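Trainee: I would like to learn how to read the features of a structure one by one, with the general idea before the particular case. Could we begin with how strands are paired?

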Amino acid sequence: MGILVDEQTRVVVQGITGREGRFHTQACMAYGANVVAGVTPGRGGQKVEETVPVFDSVEQAVAETGANVSLIFVPAPSAMDAVVEAAEAGIPLVVCISEGVPVLDTIRVAEYLKTSSTRLIGPNCPGLINPGASCKVGIMPGNIHLPGRTGVFSRSGTLTYEAVSQLTNLGLGQSGCVGIGGDPVIGTNFVDVLRLFDDDPDTDQVVLIGEIGGSMEQEAAEYIKAEFTKPVCALVVGATAPTGKRMGHAGAMITGESATVEAKVKALRDAGAVIIPTPADIGVTAQSLMAATL
Amino acid sequence: MKIHEYQAKELFARYGIPVPSGQAAADPDQAAHAASQLGGRAVIKAQVHAGGRGRAGGIQVVNSPQEAQAYATQLFSRNLVTAQTGPNGAPVYQVLVEEPAAIAREIYLAITIDRVHRRPVILASASGGVDIEETAASNPEAIATEVIDPVLGLMPFQIRRLIATLELDSALARSAAQVMTSMYRLFVEADCSLVEINPLVVTSEGNLLALDAKVNLEDDALFRHSDLKDLADPSQENELENRASDMDVAYVKLDGNVGCLVNGAGLAMATMDIIAARGTTAANFLDVGGGASVEKVADAVKIILDDNDVDRVLVNIFGGILRCDIAAEGIVKAYKEQGSRLPMVVRMLGTNVDQGKSTLRDSGLPVTLVDTLTEAADAVAQI
């Protein structure tokens, strides 16, 4: 089990012939993911990694290979075109790694996806991994992961790796790790991921990693309080970040009271989450939470 | 990307949003000339990328070209320090010289992105002006909002609902509707993250006028707006921040003394938080990004070394796309080329970490290698 990707996952990589697309196709395959196709318009008929056929369109790739997850490395100006192409081809899960997508493009596509059964993760995200199924659909370093029963999710890339590595060092494996992306508007939010982990019999507890900006942590807190059935520990970073300055993630902007670390921590604590005191305590906090529930 | 008020008003004029007559001036003589063209009486407004200008003495009414010249001379002579600029203030290279308006009422209008609804949102309030944020905090009902469907656009019934809260007579209501429609067109066509008019005034002659204008353009969309890209004003940003932005490194200058080099924005914030918890503070936020080369890492390290506030350096790299050996080579290159001996704590994990560490160990630089975040924060505090 685990969430979103598993042994049944058949990946098509959009933008597979670019430098990043090629590199990460190889890394995902080395980890054990089943990459069945690539798409680069105009490059149909080529092969990548000697075995992966390249198609001109997602529609062809799906028809020929039965691909059911798309991983997108297309440059930002065309990234949302790639998302819609995948959705129109009937792919149920689209993971968009591309960074620097104009927000109004994402907004229009998010609107379009409301009438579609396709789920979008990202853009501007590291993707997701299911260590138990040896399935990696993203750019995270695979070797830091360990199969297990803790779910990890975050708006950040390398901070997710930090969290995972702290867990793995303590022997605490992961049922799944999802980087949802750092942009102000993204396809899948914390509440969506919480629902998936709640329904996953292989997940015992979750680690939520939030940051300043927006109010997604508060929405998660409301959901945790109302419906979520498993233990949660949570870290919110950015307490020392200056107000009103752009911090690399367009999303991490202090826009109001609810965007502060204090407000987010309070909401999560009130919802019953165990607060991780500093970024160095992710592993130990998750470990004692796991021990307490056993 | 922020732009100046005078540039935002030029965009407004292009979209049919009424603005006072006036022009930008780059020196006191131009300011005097602009004032005389307006008949002598004028408002002089310092052009800086920060709010709070009025309270900081950056806006003044003058009664003659001579007064305009004298006041402009004063504005050009020093940085303007407002509540939003930080203690060093922002340099003034342009002033806007405008016809004064007789103000009967002040309205507030803005369009931005609503992250919760994942849609644009328009805000309107009958009580605009400098206290709008206090109004929003103390009396949220005084701010009307409409979330906009990006496919349908701003609908007439939404405009009618907003107008109903603004207490305008029917002629002014029609003008206000026109202003809202134009603002939304500008927001979408120029890929803005903010279009704000505060205040939109009702003049005593009974007209609407955008007395101030704030337009923020979305950085990620500038690739398709080559004309708007030129509106950038690097003089308004920190010099080190400009250097970083030229090389596509996310960098923000901060107040502390620990120069931080990190890959990833979230990890960079976490690094700043953990060193603060152990008693030191960051001199900067720096995310060197995923696919950095040796040169890019070296250039990023040089920005840190060129910051006079920095007396120690903390490197926290989680190698993934960015390999640790590449990062290490970049760090050594920058130190050697700058001849720097600043003490450095390095924490590296992930891809090619052993090569990275041995490159640093063999470099002869004053480097302390550590394995965890806590060790890194403690080592930095002990320097």
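This is a predicted model: local features need pLDDT of at least 70, side-chain atom pairs count only at pLDDT 80 or more; totals for chains, interfaces and linings use all residues.

Mentor: Two strands pair if DSSP finds at least two bridges between them, where strands (E, at least two residues) and helices (H or I, at least four residues) are DSSP runs, numbered from the N terminus. Residues are numbered from 1 along each chain as its sequence is written, while chains are lettered from A and ligands numbered from 1 in the order in which they are written.

Trainee: In which order do the seven strands of the open sheet in chain A follow each other?

Mentor: The order is β3-β4-β2-β1-β5-β6-β7 (chain A), and the pairing is mixed. The edges are held by β3 (47–48) and β7 (119–121) of chain A, each with a single partner strand, so one side of each is left without a neighbour in the sheet. Packed on this sheet is α3(A), which touches β1 (11–14), β5 (69–72), β6 and β7 of chain A; two residues are in contact if their C-beta atoms, placed from the backbone, lie within 7 Å. The direction of α3(A) makes about 170 degrees with that of β6(A), where axes are lines fitted to C-alpha atoms, for helices over the stretch in contact, and angles run from 0 to 180 degrees between N-to-C directions.

Trainee: Which strand pairs with strand β8 (residues 192–203) of chain B in the antiparallel sense over four bridges?

Mentor: The partner is β10(B), in which B:Val215 is the bridge partner of B:Val195. Strand β10 (residues 214–217) of chain B has a covered face, made of B:Val215 and B:Leu217, and an uncovered one, made of B:Lys214 and B:Asn216.

Trainee: How should I read burial along a helix, for instance in helix α2 (residues 28–37) of chain B?

Mentor: A residue is buried if 20 or more other C-beta atoms lie within 10 Å of its own, exposed if 12 or fewer, and partly exposed in between, the C-beta atoms being placed from the backbone. An α-helix has 3.6 residues a turn, so residues three or four places apart point the same way. In α2(B), B:Ala31, B:Ala32, B:Ala34 and B:Ala35 are buried. Seen down the axis of α2(B), the buried residues fall within an arc of 165 degrees (the arc of the directions from the helix axis to the C-beta atoms), so they line one face of the helix. These buried residues pack against β1, β2, β3, α3 and β4 of chain B, and just after α2(B), B:Gly39 takes a positive phi of about 95 degrees.

Trainee: Which residues other than glycine have a positive phi?

Mentor: Among them are A:Glu50, with a phi of about 65 degrees, and B:Glu167, with a phi near 55 degrees. A:Glu50 is found in the loop between β3 and β4 (52–55) of chain A, and with 5 C-beta neighbours inside 10 Å it counts as exposed. B:Glu167 has its place in the loop between α5 (156–164) and α6 (170–189) of chain B, and with 12 C-beta neighbours inside 10 Å it too counts as exposed.

Trainee: Finally, how many residues does each chain give to the contact between chain A and chain B?

Mentor: Chain A gives 44 residues and chain B gives 41. On the side of chain A that touches chain B, α4(A) gives the most, with six residues.
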